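This report describes the architecture of the structure shown below. Please keep the sequence and the three-dimensional view at hand while reading.

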Amino acid sequence: MNGLLLLIPVALFLGLMGLLAFLWSMRAGQFDDMDGAAMRILIEDEDA
Amino acid sequence: MSYIAPDEDWTGGPVETRFAVPDMHCAGCIAKIERLLPQQPGITGARVNFSGKTVTVAHAERLADPDIIRAFDAIGFDAQPLHSAASVERGLVLKRLIRALGVAGFAAMNVMLLAVSVWSGADGNSRHLFHWIEALIAVPAIAYAGRPFFDSAFRALRAGTVNMDVPISIGVLLATGMSLYETVVNGQHAWFDGALMLLAFLLIGRVLDEMMRSRAASGAEALVRRTAAGAMRLDETGASQWVAAEDLQVGDRLLVAAGERLAADGIIEDGTSRFDLSLLTGESAPVPAGPGDVATAGTLNLERPITLRVTAVGEARAIAEIARLIESASQSRSRFVRLADRAATIYAPAVHLLAAVSFAAWMISGAGWHQSLLVALAVLIITCPCALGLAVPVAQVVACGTMMRAGLLVKDGSALERLSEADEVLLDKTGTLTLGRPAAQGIEAIPLHLRPIARGLAMASRHPLAMALRQALGGAYVSPAALTNIVEQPGEGVEARYEGRPVAMRRPRASEIGPVSDDRAAAALDLGEGAPIVIRFADSLRPGAREALAELNRLGLPARIMSGDRTDAVDAVAAELGIVGQGDMRPTEKMALLEAEIAAGRRPLMVGDGLNDGPALAAAHVSIAPASASDVGQQAADIVFLGDSLLGLPKAVRAARATMRVVRQNFVLAIGYNVLAVPLAMAGQVTPLIAAVSMSTSSLIVIANSLRLRGAVT
């Protein structure tokens, strides 16, 4: 029972972190250009 | 290839404009645009969104759209400005739904964690504690994530109707209320997990639905052509400046170059040219006009620059009349009730009746109001249209994704429902059955070793005939020769030198055309050796037209032509395709014909492209437009197909029918599941555990069934 009192808040906290990370990435436009991100890795640097 | 003196001073804060660039295919294109575009004068930055095929350009304030389009042209890309606020709004709605889904998903998972411990035997104080924690997570999450449903249900109830959201909202709110009560009195069962899971599943459906709509909308929007978004205005000194169409005023003098569309109605002051009126009338042969003649907005100037005095702008233009017709025609379309909503009007009352009956039955048998209410609640949760809510959107999203890969952009989910019902097809001629642009005929006459020169000449001009020749030669994998001293004389042609010899692509002389009368346009090519070669240009049938019509006929959609072109031109095409056709139809007549067909109980599919087809496209049961269609045609149509081939039409019909087949299967699966589970619920045998399992299984089955549509477009 004591273990639970610790584990439940920990679990909820971690879950909440995940949710916040998701909401942040939505707001920051991480999902705006999914195909472009895959393509950009192939662009060579200007001076290379 | 810079088009503005580089020493010109570009001041003023940078402004951002979005452009659609459909030809981006690879990483190289991204790099090219982002690196080369900022080197063009006045442009400070460019950022590509590859998924949306758009580029956001940061540029000096005084740079107008055509300048930036020319900058794109200079680096080899075709760009179209995007000025629609609707797509931004769409994006916001989608983001709100995804946020709600994120919250519902997070809460559902955590509540489920606690609920599983309750189901596996936690009791006494720990059960009480778990229920309280569940309540703390679930109540705010439901209040937030349930809003889209509550709002919609409230709107429907206030309008005196019932939609799918009404039983959803009642189920979710009742489940939350009862669970709170159970939590307070330390009862055995709480249904928070069920309510949250329901919301999460339904939100998945909503997100998919919205995603499809916004993706299709942005795709169709990306194809909107730059038809007369503005014009070059001449001031007293004779200097010209580009102004947007909405800023034009009556009395303005406009300079309209060859190959440009008119932005306003007016009277020609200076210059003689031929005009392509097909956008307005469907008439394919160019019409000559000179000083004193009236020209209407939307017509294409084919030959020589003219000066136009504006007589009507905005709502007063002839075009605006067509826009009003379209608006009135599309109102009848909005009366179409989607399958899911039709199902809801039967389903929702049935479900509520079942719940009420079970409540009454348990009360009569003396079970007490608490237990009776719990049974009624179980019935509501089991029957909550979870899988039903997914049945339509998942199938449509999968189908639309597949169709999009096959070059068919579906603008609206209900379009597939309507297309699957279509039982006849009416086609416009110019631009729909035909390509709607001049195609070069007889390029075989050009000797192989001279073709690079011809290509080089064709690439030096933006004249429609030059573009047609370029396209015809491009198909034969000819790389352009390096020409020097290129001079373009408007209305006359292009002259240049190749290895010292003079070469030209020009208006043919009377002696070269010959005595036979031929209303096809022509151009003569002097390629430095031999006699000049005369190339003819004519509008030709789209590839696959015959096969597409035959296939549509097999699918039960007989075809007919409905055109604004001359009757003899229509008859020629109709005879070639072996179908009937009617010519000389005005936009209102086309619309009236479609309305008569619908009144007679038919479900016509209208395929058209021009402005003159706009009212007909909006009035038809369902409509398809080619990507080459006018702005108005694309807005009014439900589906837009890419490329020249007409074979997309039978493909779209088959895909729509396959989709509706799967949707109906999904309904049967979802309702069948409920039919099995409802007796259990009414007997009071359903615990939150059984509800959770049945709900997710039925949803997964529906999704799995819909995924079969991935290969549906063949």
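In what order do the 6 strands of the open sheet in chain B lie? The order is 6-5-7-13-8-11, and the pairing is antiparallel. Two strands of chain B form the edges, namely strand 6 (240-244) and strand 11 (294-295), and each of them pairs on one side only. The model discussed here is a predicted one.

**Strand pairing in chain B**

| Strand pair (chain B) | Sense | Bridges |
|---|---|---|
| Strand 5 (residues 230-234) and strand 7 (residues 253-256) | antiparallel | 3 bridges |
| Strand 16 (residues 434-441) and strand 21 (residues 533-541) | antiparallel | 5 bridges |
| Strand 20 (residues 521-526) and strand 21 | antiparallel | 5 bridges |

Individual residues illustrate these pairings. B:Arg233 stands opposite B:Leu254, a residue of strand 7 of chain B. Strand 21 of chain B contains B:Ala538, which B:Ala439 faces, and also B:Val534, the bridge partner of B:Ala524. Strands 20 and 21 of chain B form a hairpin in which 6 residues lie between the two strands. Within that turn, B:Gly528 has a positive phi of about 90 degrees.

**Domains and cores of chain B**

Chain B is divided into five parts: domain 1 (1-83), domain 2 (89-220 + 338-396 + 661-711), domain 3 (224-335), domain 4 (408-435 + 542-642) and domain 5 (447-526). Taken over C-alpha atoms, the centres of domain 2 and domain 4 of chain B are separated by 42 Å.

The largest nonpolar core comprises 141 residues, and B:Ala104, B:Leu196 and B:Leu199 have the most contacts inside it. Helix 23 (residues 648-682) of chain B gives the most to this core, contributing 15 residues. Why does this core lie between domain 2 and domain 4 of chain B? It lies between them because both domains give residues to it.

Leaving aside neighbours within four places in sequence, B:Leu199 is in contact with B:Ala104, B:Ile142, B:Ala145, B:Gly146 and B:Val172.

**Helix 6 of chain B**

Helix 6 (residues 165-184) of chain B has 20 residues. From its first C-alpha to its last it reaches 28 Å, close to the 28 Å expected at 1.5 Å a residue. Among the buried residues of this helix are B:Val166, B:Ile168, B:Val172, B:Ala175 and B:Met178. One of these, B:Val172, is also among the contacts of B:Leu199. B:Asn186 follows helix 6 of chain B and has a positive phi, near 60 degrees.

Chain A has 2 helices and 0 strands. Along the principal axes, its C-alpha atoms fill a box of roughly 60 × 20 × 15 Å. Of the 48 residues of chain A, 2% count as buried.

Terms used. Residues are numbered from 1 along each chain as its sequence is written. Chains are lettered from A and ligands numbered from 1 in the order in which they are written. This is a predicted model: local features need pLDDT of at least 70, side-chain atom pairs count only at pLDDT 80 or more; totals for chains, interfaces and linings use all residues. A nonpolar core is a set of buried Ala, Val, Leu, Ile, Met, Phe, Trp, Tyr and Cys residues joined through C-beta atoms within 7 Å. A residue is buried if 20 or more other C-beta atoms lie within 10 Å of its own, exposed if 12 or fewer, and partly exposed in between; C-beta atoms are placed from the backbone. Helices (H or I, at least four residues) and strands (E, at least two) are DSSP runs, numbered from the N terminus. Domain bounds come from an automatic or database domain assignment. Two residues are in contact if their C-beta atoms, placed from the backbone, lie within 7 Å. Two strands pair if DSSP finds at least two bridges between them. The expected span of a helix is 1.5 Å times one less than its number of residues.
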